[in-house]
Amino acid sequence: VEASIPEPQRDAWKKFQAKPFVSKDDFEKEVVRHVETTLARSMFNCDETAAYAAASLAFRDRLITEWNRTQQRQTFADTKRVYYLSLEFLMGRALDNAMLNVGLKNVAKEGLSELGFRIEDIINQEHDAALGNGGLGRLAACFLDSMASLNFPAWGYGLRYKYGIFKQEIVDGYQVEVPDYWLDFNPWEFPRHDIVVDVQFYGGVRKYQDEVGKNVAVWEGGEIVKATAYDVPIPGFDTPTTNNMRLWSSKAASGEFDFQKFNSGDYESSVADQQRAETISAVLYPNDNLDRGKELRLKQQYFWVAASLYDIVRRFKKSKRAWSEFPDQIAIQLNDTHPTLAIVELQRILIDMEGLDWDEAWTIVTNTFGYTNHTVLPEALEKWSVPLFQNLLPRHLQIIYDINMFFLQSVERKFPGDRDMLARVSIIEESQPKMVRMAFLAIVGSHKVNGVAELHSDLIKTTIFKDFVKIFGPDKFTNVTNGITPRRWLHQANPRLSELIASKTGGLGFLKDLNVLNELEKFADDKAFKKEWAEIKYANKVRLAKYIKSTTGVTVNPAALFDIQVKRIHEYKRQQLNIFGVIHRYLTIKAMTPEQRKKLAPRVSIFGGKAAPGYWMAKTIIHLINNVGAVVNKDPDVGDLLKVIFLEDYNVSKAEIITPASDVSEHISTAGTEASGTSNMKFVLNGGLIIGTCDGANIEITREIGENNIFLFGNLAEDVEDLRHTHNYGSHTLDPDLVKVFDLIKSNAFGDAGAFGALTGSIEDHGDYYLVSDDFHSYIQTQTLVDEAYKNQEEWITKTILSVARMGFFSSDRCINEYAEMIWNVEPLPVEKGSGLGKEE
Ligand code: GL7
């Protein structure tokens, strides 16, 4: 339908177009207007929740105005766009970020203060948007920020889960999961009730030949679910560009409920249908680095992919271009294998709906997609059972079989007679039942495959995807080392540090070109600068200490060394190594004379992170940490020398308080298991040092900041396989210090040892797959080096300054520019500052 206003009436529109506020007075006017009209409240009935709502709505209005202009500008320019498909976007809070990105935080601060509120209290009202599990989801959020800040025409596509990642409560030392219902009030989304896509499931396929003898496949029957779009504006930093994140929400096709059933008296089942459809976008699967193969998850994936592709194709068709131009106009990036069905769906649209022939369609498809791999852990690689697929998406399964047939034929031509190779690379695993290997499908259907750190990208080429390198050649495989947005992870989380850096580098330019941080090197020995630097770290530690006190009741000394490990709880990330190290420290302190104790640097060991609800071992680790804390924290022999803290419900907004407060953070995964890690980058950028293994991005961080500025320990990735082999087939004797730790646990020192039997047993009796014992000695020794180094504060501070100065590489802006150049082949759409702000285009 033609919905644009005719030429003669457009002047009126232009005259009355919304003008985003820029002044304090206009901001206040907007806040008061929203309190009094949108919220129907008044100055006699305005608490912090209402003030938060009104301030957010004022900023939302502003963002959506820029959003509209950005979309018009991008449509008009008609250049190539990027679509970033991710099942997770771990956005955190939006208000603070919006205020900073549009450069109006001070305006808002003063405005709110005149209206009777402290801006910090208002910011704290916001519920995190927690539509992700961990690093993978947060990476997608950092990428959206960078794409907008760099003026790339780019959209994110995801699911609008009603429940994000669960809220974690610790009850008697155990993790308890509470649903995260976050949509009660969400001012940051715009429901688009006019953008609704029908998504089909189940049914069957009818094949026939048409008049001219062409094979036709029709997918018919089954059921339809409706996808409604919800748009979230993504403001760039210091630019009018405001991109879009479109999230899909599911609804039954029959509207409220099935009236036929209702009228025939079957009220309950008509509501049940509705409920079943809504279930699709109801909940985020809470597993990190684990695939469980649940049918509802496959339904989520297809629902999201089908709606997104329909939307993308519809937008392309409006341009009236030839199909062959599709990859010149559109790049689609697959964030892990979760959206791999998009490859099949686009092929289906092109051959079944648009009538292209196979080869023509397949060329378009492969030139459109890029695939990012985020893990080599076998338990995380997605596979779907063929019978399940057959039932849910019968036509897609046929297309997958055809893709596989053509692919295997090409392999056969290249490696004649190599049947083992064919079996190894087949998209269909010949198991019982047969399985669809999604990573292989993603590789075959994309023109580029990338890993997320150098070691990881090398590993995928030499292990899980080795055969594909032989088949497609090495150029199809590349590396884009992850990055983080310095806007949220420095400017927003650590405003004082950001201000200090700005004062020495000529303003906030470093937030747009993080390599400017290099200028700080010259202050690494500057007395006055170091003093300020140290004061800021101390203030951030005081802030965290207050938070710890208010949430756990434990008093920690801000002068102690803060040693932090916050991330999802996983055996491969080895929080168990950390807590065993803490127990070892406890034993050491207990055995010390008072004189010896005086020489030890006091330490606070801080843990945080969620365990997947079904991951028993991870939950056991949380339990052990809490029980160790309960004993150590009240032991008078220990006092301030050691405190053990578990912070409940680690999430993005808490990370903003925790990250700036570290002296040391732990990134101690078994070598070769953590694809990249991104919190390692955040901690160093905030002036903390790392104790870590030679894994993921730690290696590149070391290369950038220098090996004197990082505490590396442990076995190397290349030795892991041999060590595992010896554990299983040779002799496996545990590290003697670790044995002492286990003995203490077994003496019930931290509660009933039975509770921890599986954890110690996995190391003693079941092969120690994650090499905890092998790395224990090296870990303890390195922690001693940390103690020693921390005593020399002058050198320590210099190390942290040099590290920050050398972190420019890890901006997600660098990473997005690499994707744009190597994979997407897209250019930014430059926009003059201020051109969108109420001026004509
Ligand atoms: C992850 C990796 O585990 C993590 O190392 C990486 O930094 C992140 C982003 O690339 O992706 N892969 C994965 O499956 N999850 C991750 O966080 C859940």
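Predicted model: local features only at pLDDT ≥ 70, side-chain atom pairs only at ≥ 80, totals over all residues.

**Exercise 1. Are Lys317 and Glu354 buried or partly exposed?**

First, the geometry: the side chains of Lys317 and Glu354 form a salt bridge at 2.6 Å, N to O. Lys317 is in helix α10, while Glu354 is in the loop between α12 (341-353) and α13 (358-368), 37 residues apart.

Then the accessibility. Lys317 has a relative accessible area of 41%, so it is partly exposed. Glu354, at 26%, counts as partly exposed as well.

**Exercise 2. Which loops hold Lys573 and Glu674, and which residues form a salt-bridge network?**

Begin with the pair: Lys573 and Glu674 meet through their side chains in a salt bridge of 2.8 Å, N to O. Lys573 sits in the loop between β19 (561-566) and α23 (575-591), and Glu674 in the loop between β22 (664-667) and α27 (679-685). They're 101 residues apart.

Burial next: Lys573 is buried at 9% relative accessible area, and Glu674 is buried at 13%.

For the network, follow the shared partners: Arg192, Asp231, Arg246, Asp311, Arg314 and Arg315 are joined into one.

**Exercise 3. What makes up the largest nonpolar core, and what does Trp824 touch?**

Step one is the size: the largest nonpolar core has 176 residues. Met147, Phe201, Trp248, Phe389 and Trp824 have the most contacts inside it. Helix α10 (residues 295-318) contributes the most to this core, with 11 residues. Domain 1 (78-93 + 128-479) and domain 2 (492-810) each supply at least three residues to this core.

Step two is Trp824. Skipping residues up to four places away in sequence, Trp824 touches Lys80, Val82, Tyr84, Met147, Ala331, Gln333, Ile816 and Tyr819.

Step three: look apart from this core and you'll find another one, of 52 residues, including Met617, Ala618, Phe711 and Phe713.

**Exercise 4. How far apart are the C-alpha centres of the two domains, and what surrounds Thr620?**

The centres of domain 1 and domain 2 lie 36 Å apart. Across the boundary, 38 residues of domain 1 contact 40 residues of domain 2.

Now zoom in on Thr620, in helix α25 (residues 616-632). Its relative accessible area is 4%, so Thr620 is buried. Leaving out neighbours within four places in sequence, Thr620 is in contact with Ala755, Phe756 and Leu759. Finally, compare sequence with space: Thr620 and Gly173 are 447 residues apart along the chain and 9.7 Å apart C-alpha to C-alpha.

Methods
Residues numbered from 1 in each chain as written. Heavy atoms only, no water. Core = buried A, V, L, I, M, F, W, Y, C linked by side-chain atoms within 4.5 Å. Buried < 20%, exposed > 50% of the residue type's maximum accessible area, 1.4 Å probe, protein only. Helix = DSSP H or I, 4+ residues; strand = E, 2+ residues; numbered from the N terminus. Domains from an automatic or database assignment. Contact = heavy atoms within 4.5 Å. Salt bridge = Lys/Arg side-chain N within 4 Å of Asp/Glu carboxyl O.
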